[in-house]
Amino acid sequence: MNRNRAVRWITLSLLMFSLSAASFAGVFVGISVRIGPPALPVYAQPVCPGPGYLWTPGYWAWSDIDGYYWVPGTWVLAPVGMLWTPGYWGWEGGFYRWHGGYWGPHVGFYGGINYGFGYGGVGFVGGEWRGGSFFYNRSVVNVNVVNVRNVYERRVVVNNNHFAFNGPGGVVARPTPQEERWANEPHSAPLAAQAEHERAAGENRSLFASENHGRPAIAATGRPGEFSGRGVVGARAAGAAYREPKMSPREARGENRGTENRGGENRGAARNENRGNEARENNREMNRPANRDNAARENKAQAREERSQQRDQQKQARQEQRPQRQEQPSARQNKSEQRQQRQQAQQQQKQERQQQKQERQQQKQERQQQKQQARQQKTEQRQQAQQQQKLQREQQKRGGQGPGR
């Protein structure tokens, strides 16, 4: 049964990869701006919705029209065996440059940014894959043992800071040799659900820093794209005092307007980073009214199809989790029986200890009685010896006064 379940999870992860293949070209795509992002807001983590979900922390994204906007942290149904390396802003050559996040077998370098909830700046300590199942570190991430049973506890030291970028005035960190090796591993693009989550955040005015001043009302969500309901968590505070930029978003982009990849290729290809690898001729063609309408309809249709497939995947995942929920009553019954057995064993041990205590007390009393009897016998013997000695002295005395006197 476990083997079949693992096969289903692998099939599901491959399907997710195929859905995100369209955006794979943009996995390393970044943009460069002259102003740095606000500090990371202070917020709590919503509870994990179920097994197999991994936490992807919130971050500040960029809009050429309105500047920085907050993409809420969220739980994502992860590809089996894969871990999420968050994106980060880094100071390079006079610009703040975005390095996109990705899925891979290891957590690589993400600028030393302390995103919290297991992402303390180096690696990830919020959980680990064990075979085809993900186990959660309860001391770091928010999980409910009723919904998630694969848990453990491992204490970690948390250094609190809210810097949102790597560079002067922020976090100063460099990748380790091991992280540099991991950077050359095969990586996968963000899932379609993550891309849609970021797109929806860019359409919510309350998430722009110019509106919330570094304290978004939607700081984290239970699932991607769910910006209302019980799973939504607001920021408790801004990570630092918000400072209004002295230049407009268009001025902040400067001469490096357009998308770039991490290797420095495709600079100035297009204004929209999602079109980073298209040629200028295609851009001019896309800018024509008829083509823009057709492209918009195709994008909407593709987005609907991806959302539908994502819902089917989540439905399939929930169906696979149902046997675990059905097994829970028997597991609770077994735990109840084990608890009763432990209580009976403890009661029996308690009775045995009490009986042993009584036996020790009785033995002590017997020893005391024996000692008392021994002392009494010695006293009687001593008294008898004294009486005999006294009689002997009296007889000797009488003998000395014999009849010749």
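**Charged residues and a strand hairpin**

Lysine 364 lies in helix H7 (residues 289-400); helices (H or I, at least four residues) and strands (E, at least two) are DSSP runs numbered from the N terminus. The model is predicted, so local features need pLDDT of at least 70 and side-chain atom pairs count only at pLDDT 80 or more, while totals for chains, interfaces and linings use all residues. Residues are numbered from 1 along each chain as its sequence is written, and side-chain values use heavy atoms, with hydrogens and water left out.

Lysine 364 is partly exposed, at a relative accessible area of 47% (buried means under 20%, exposed over 50%, partly exposed in between, with a 1.4 Å probe and protein chains only).

Strand E10 (residues 127-130) has Gly127 and Trp129 on its covered face, and Glu128 and Arg130 on the uncovered one. Strand E11 (residues 133-137) pairs with E10 in the antiparallel sense over four bridges, where pairing requires at least two DSSP bridges. Two residues separate the strands of this hairpin, and glycine 131 in the turn has a positive phi of about 70 degrees. Glutamate 128 stands opposite phenylalanine 135 in E11.

Nine salt bridges are found in the whole structure, each a side-chain nitrogen of Lys or Arg within 4 Å of a carboxyl oxygen of Asp or Glu. Glutamate 128 forms one with arginine 130, the closest N and O atoms being 2.9 Å apart. In another, between arginine 199 and glutamate 203, the corresponding distance is 2.5 Å. Arginine 199 is partly exposed at 39%, whereas glutamate 203 is exposed at 57%.
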